[in-house]
Amino acid sequence: MAAYSTHEIHRIEEKWQKIWADQKTFRALASTDKPKFYCLEMFPYPSGKIHMGHVRNYTIADVVARFKMMQGFNVLHPMGYDAFGQPAENAAIKNKTDPAQWTYRCIDQMREELQRMGFSYDWDREIATCDPEYYRWNQWIFLKMLEKGLAYKKASAVNWCPSCETTLANEEVIQDACWRCKTPVVQKELEQWYLKITAYAEELLEDLKKLKDWPSRVVAMQENWIGKSYGTEIDFKIKKTGEKLTVFTTRPDTIFGATYVVLAPEHPLLAKLVKGTGHEEKVMAFVKKAANLSKSLRMSGDERKEGIFTGEYAINPVNGEEIPVWIADYVLMEYGTGAIMAVPTHDQRDFLFSKEHNLSRRMVIQDPKNPEIIVEQLKCAYEESGKLINSGRFNGFFNEEAKQKISQWMEREKMGRITVNWRLRDWLISRQRYWGTPIPIIYCPKCGAVPVPDDQLPVGLPKNVQITGQGGSPLLQCKDFVNVKCPRCQEDARRETDTMATFFDSSWYYLRFCSPQADAKIFDKKDVAYWMPVDQYIGGIEHAILHLLYSRFFTKFLRDLGLLNFDEPFQRLLTQGMVLKDGEVMSKSRGNVVDPDEVISRYGADTLRLFILFAAPPEDQLEWNDSGMDGAWKFLCRVWNAVEQKYQKTVGLAEIQDDDDRELERERNFSIKKITDDIPNGFKFNTAISQLMILMNRIEKYSLREQPSKQVLLNRALETIVLLLAPFTPHLCEELWEKMGHPGQSVAHARWPKFDEKALKKDSVEVVAQINGKVRGKFEVPVDASEADLREIVLQDAKVLQYIEGKDVKKFIVVPNKLVSIVI
């Protein structure tokens, strides 16, 4: 008998990984014989080594995929790599290597590590977004969006490092400096490409109602990001010129309390407003200073907000009052109209700004708890509800009611209009990088911006490019890439040297998995119609907004092209928690990283899988625990030993002869029922594994007594525990299943066991007896005993009699099969 040793574990795991690969055990083919199930994890960036976050994400998905496979579903479970992006360029600079070579080397290493974990991927469907066969379709999608008016180019401010001469993503700006060279970052205007996601804003928001199986907090995060708000645009007039200055507000009820107007430093009216005035020089100096601040810093609530008076005044349309026009760094062009009316008594940010710059304040909403308070006594803005004061004809109205009345009045009087505002902005996809999808545009002096014809796709990345991290996009230096002929007039022209943001790549990869070998089209419509939408999607909460939002946008766009017949890509979503050690996220800098390779070398992949699933519910954070690994290892040893020592092939009928038989069958059937429910309904892997441990305890206690029928019952229990455990620890269960006499049949394709409801029933149950809320006895009684029977059993018990003798029983309450509560 072989012991479940480290040597035996590695032999078993290598054996079955080879069999799965050779036999293509997990190959997915479209079939009408079975219901389909598409299980997908958010694919990884190929950093080379998998970490415990990967292990957790992919193990969760693998359990779901294997469970569905055993239930008779036709399962698609693919894997690929989100392979473009800045990290590869950084590695190329650091290691003086080619980004492609570095990336493909990392992919090879990562694939090997994923295979060591025993994940049930259909490796024939593997994709990498840096493959030209993939990113040609990025370019095709872009051109289709351009054709439909959803891709356009405009000037916008970006984070710019003057030293490296390159743009920086927001996450690459650390304390307002370049992460690489520490040079202060400035805002710079560049012509860049955008996708008009705002055209789908209403549908993206409304269709969130369809996502019943998404976590509520993810839906809320998307709602907030899309940010539909109802408000009012109000037309002020510049005193000197009579020119219209429109502000947007969600608080029209406070219009009578507006004491100044604030413009964003980027507001297009500003230069004209101050031109030729004594304030022009100072104002434009402030504008330049604000341009050097990151948007995140300007929007933060914990920094002092700076501003400057323009020297001009605006007329408040509701009362004709002249109020000063300021500019301030906390107002952004991206929201509303780039101009706000400031009501410092009822908006905290305006309150702080007015105190800083000694601006006037007026109360227009009365605090019902402190109606006598005056402006000078305010220590902060009053932002709650109340009745309007100092508001002309609207005095006495509650402010919530006044919002609509004032807006309607202003609309009738042509002072403004009721409108909808969106927080969502069009998606900036331009990156001044090398390692990304080239944007398929050619600039011709004669023809302008010309789309690259479909038959010239893909526009491939040039090789052997010098990447230094400085001087803008490396593609600018590739003359053979940049200098081309115009597709229309054949005159000299130049290529676009920006590449696409990597979110573009990951916004449709789930569709490509359905037919990754399709050469002449983006995907096969029949295959996509069969497999999509994704039935179960799994990934980190950090992707709850952008990746999911962009994927939903792409799905709707491709549907409108007639390529898809559904509205949403992911039916069910699970966002798993992070893996911690010593209470902190694992990281090299903290020195608390646990290497999956080292754990597998010591315990094997199955033990790691079991621990990662048992330690915490998937949505929760998981604290790494070495003793937990030991516990998982010991349990698997018990299962191995039980099969090796107790399983014996025998012929006969499974007969229930005594209570021992009955309890074994009841526990076996209860385990099937519970685990069948726990896996799909809430991903309760930890409670499912707990039940397997309970079943194991019952198997170990079971006595054979040399009766053939008992061996049949025991064999059935051992086969059941192997089948139920198979999605969690597949290598071990494949080996045991083979030992049990199933050569040539993978346990992955064995039928999931079914339970017998009759076997779950007990002849008797334990009922607790309480007297005035305190437990006074426990009784073994027949199942579903009547109240009359329970009265006779409980009220005649000697211990109970001690407490009720000589006293009136006021109530005798029965909770069937659980509790008797007596009130005296």
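The paragraphs below go through selected helices, loops and backbone features of this predicted model.

If neighbours within four places in sequence are set aside, the contacts of aspartate 122 are Phe26, Arg27, Ala28 and His77.

A pair of helices comes next. Helix H7 (residues 216-226) and helix H17 (residues 546-560) have axes that come within 10 Å, crossing at roughly 75 degrees. Angles from 65 to 115 degrees count as roughly perpendicular, and the two helices, H7 and H17, are therefore roughly perpendicular to each other. On the H7 side the contact is made by Val218, Gln222, Trp225 and Ile226, and on the H17 side by Leu546, Leu548, Leu549 and Arg552. By class, the residues of this contact comprise 6 nonpolar, 1 polar and 1 charged.

Helix H11 (residues 348-357) can be followed from one end to the other. Within the helix, Asp350, Phe351, Phe353, Ser354 and His357 are the buried residues. These buried residues pack against strands: E12 (260-263), E13 (307-315), E14 (322-328) and E15 (339-342). After H11 comes asparagine 358, with a positive phi near 55 degrees.

Most residues other than glycine have a negative phi, and most peptide bonds are trans. Several places in this model depart from that pattern. Asparagine 390, not a glycine, has a positive phi of about 55 degrees. Its loop connects strand E17 (387-388) with helix H12 (399-412), and asparagine 390 counts as partly exposed at 46% relative accessibility. Asparagine 817 also has a positive phi, of about 65 degrees, without being a glycine. Here the loop lies between strand E33 (811-815) and strand E34 (819-823). At 28% relative accessibility, asparagine 817 counts as partly exposed.

The cis peptide bonds involve proline. One runs from leucine 457 to proline 458, with omega near 0 degrees; proline 458 belongs to the loop between strand E22 (448-451) and helix H13 (479-482). Another cis bond leads from methionine 532 to proline 533, with omega near -5 degrees. Proline 533 is placed in the loop between helix H16 (525-531) and strand E26 (536-540).

Helix H20 (residues 626-646) closes the account. Its 21 residues reach 30 Å from the first C-alpha to the last, close to the 30 Å expected at 1.5 Å a residue. The buried residues of H20 are Met629, Ala632, Trp633, Phe635, Leu636, Cys637, Val639, Trp640, Ala642 and Val643. They pack against other helices: H1 (6-23), H18 (596-603), H19 (605-614), H22 (685-701), H23 (708-725) and H24 (730-739).

How values were computed: Residues are numbered from 1 along each chain as its sequence is written. This is a predicted model: local features need pLDDT of at least 70, side-chain atom pairs count only at pLDDT 80 or more; totals for chains, interfaces and linings use all residues. Side-chain values use heavy atoms; hydrogens and water are left out. Buried means under 20% relative accessible area, exposed over 50%, partly exposed in between (1.4 Å probe, protein chains only). Helices (H or I, at least four residues) and strands (E, at least two) are DSSP runs, numbered from the N terminus. Contact means heavy atoms within 4.5 Å. The expected span of a helix is 1.5 Å times one less than its number of residues. Axes are lines fitted to C-alpha atoms, for helices over the stretch in contact, and angles run from 0 to 180 degrees between N-to-C directions. Angles under 35 degrees count as roughly parallel, over 145 as roughly antiparallel, 65 to 115 as roughly perpendicular and the rest as oblique. Ala, Val, Leu, Ile, Met, Phe, Trp, Tyr, Cys and Pro count as nonpolar, Asp, Glu, Lys and Arg as charged, and the others, Gly among them, as polar.
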